[in-house]
Amino acid sequence: MIKIIVCLKLILDPEIPLSLFKIDTVTQKPVPPAGIPPVFSPFDLNALEAALRLKDQNDGQCTVTMLCLGENIPKAIIQKALAMGADEAVILDDAAFDDLDPYSTAHCLAAGIRKIGRFDLICTGRQAADWDNGIVWAGIAHHLDLPCVSIARKAEIADDKLIVERCVSDGIEILETDLPALATFSSEVGEPRFASLKAMMAAKKKPITKWNAADINFQSTECPDPVGLTPPPSIDIDCCFIEGSSDEEKGQKLAQLLRTFEEANMPGTGI
């Protein structure tokens, strides 16, 4: 039986309007907007999709376990990911896991993986879509002494080996490594599958296990405090519609408008 563990991180929804993105100037943390639930990092969903494709290829001989880190993760979000095809979920839920730095996050996830037990493959996203550090996966591989392959777009398991296709600047690279191993996945995997209504109903019966810091024998380390965190500057955008009876007339008016704008902002130059 092939056992795959997929690490997933909850982040603020990247699609939230900029006007709702707020920073707490005291805690130096983003403030979750009311009424907008968090989402799993898109790269992590790519990793889950890659794991589920391996499960499809080894029908009946593969299990997929989701490993999530965070306090008070909404059950509905976990069940939605389970409905994609994962077999179970393990949530590391403790106040001690709040706002860990990347190294401590890797240490915590590695402790959770040890608690889960035997595994063949760990799948992660190439990086989280909030802070974009892209180093937690390397920390997990370090703590568990695993070979790792990064930025994979496709993977298969054969003869106790992991075979991975990864994107490089001048083409596709094919790598092979012994199992157990860790692989990170990117958007080149393709869009994650949608869950059917039947799968959503079935996901409610799948096991969800919660462990705290004591359960995994985790001791928090000293986390660095952020030096500064500020929201992006507001940008005032003026929009005008160019009218005209023909495309030629509209083009002439646009050219004149650009010339006027350039002369006003960069005197002495011309188009």
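Colleague: At what angle do helix α3 and helix α4 pack, and how far apart are their axes?

Modeller: In this predicted model, α3 (residues 102-116) and α4 (residues 136-144) pack at an angle of about 50 degrees, and their axes are 8 Å apart.

Colleague: How should I read that angle: are α3 and α4 parallel or oblique to each other?

Modeller: Angles under 35 degrees count as roughly parallel, and 65 to 115 as roughly perpendicular. The value here is about 50 degrees, and α3 and α4 are therefore oblique to each other.

Colleague: And is the crossing of α3 and α4 left-handed or right-handed?

Modeller: The α3 and α4 crossing is right-handed.

Colleague: Which residues of α3 and α4 meet?

Modeller: From α3 come P102, Y103, T105, A106, H107, L109, A110, I113 and R114; on the α4 side they meet V136, G139, I140, H143 and L144. Sorted by class, this contact holds nine nonpolar, four polar and one charged residues.

Colleague: Let's turn to pockets. How much space lies in the second largest pocket?

Modeller: The general idea first: rolling a probe the size of a water molecule over the atoms shows where empty space is left. In this structure, the second largest pocket holds about 630 Å³ of space.

Colleague: Which residues are the closest to the centre of that pocket?

Modeller: The lining has 22 residues, and F40, L45, K80, M84 and P192 are the closest to the centre. As for secondary structure, β5 (39-40), α1 (42-57) and α2 (75-82) each give at least two residues to the lining. By class, the lining of this second largest pocket has 14 nonpolar, three polar and five charged residues.

Colleague: Now the backbone. Is the peptide bond from L179 to P180 cis or trans?

Modeller: Look at omega: for the L179 to P180 bond omega is near 0 degrees, and the bond is cis. You will find P180 in the loop between β11 (171-178) and β12 (181-185).

Colleague: What is phi of I151, and where is I151 found?

Modeller: Phi of I151 is near 50 degrees, a positive value in a residue other than glycine. I151 belongs to strand β9 (residues 148-158).

Note on methods:
Residues are numbered from 1 along each chain as its sequence is written. This is a predicted model: local features need pLDDT of at least 70, side-chain atom pairs count only at pLDDT 80 or more; totals for chains, interfaces and linings use all residues. Side-chain values use heavy atoms; hydrogens and water are left out. Axes are lines fitted to C-alpha atoms, for helices over the stretch in contact, and angles run from 0 to 180 degrees between N-to-C directions. Helices (H or I, at least four residues) and strands (E, at least two) are DSSP runs, numbered from the N terminus. Angles under 35 degrees count as roughly parallel, over 145 as roughly antiparallel, 65 to 115 as roughly perpendicular and the rest as oblique. A crossing is left-handed if the near helix is turned anticlockwise from the far one by less than a right angle, and right-handed if clockwise. Contact means heavy atoms within 4.5 Å. Ala, Val, Leu, Ile, Met, Phe, Trp, Tyr, Cys and Pro count as nonpolar, Asp, Glu, Lys and Arg as charged, and the others, Gly among them, as polar. On a 1 Å grid over the protein atoms alone, a cavity is a set of points where a 1.4 Å probe fits but cannot get out, and a pocket is an open set with protein on both sides within 12 Å along at least five of seven lines; lining residues have an atom within 4 Å of a point. Grid points are joined across faces, edges and corners, and a volume is the space filled by probe spheres set on the points.
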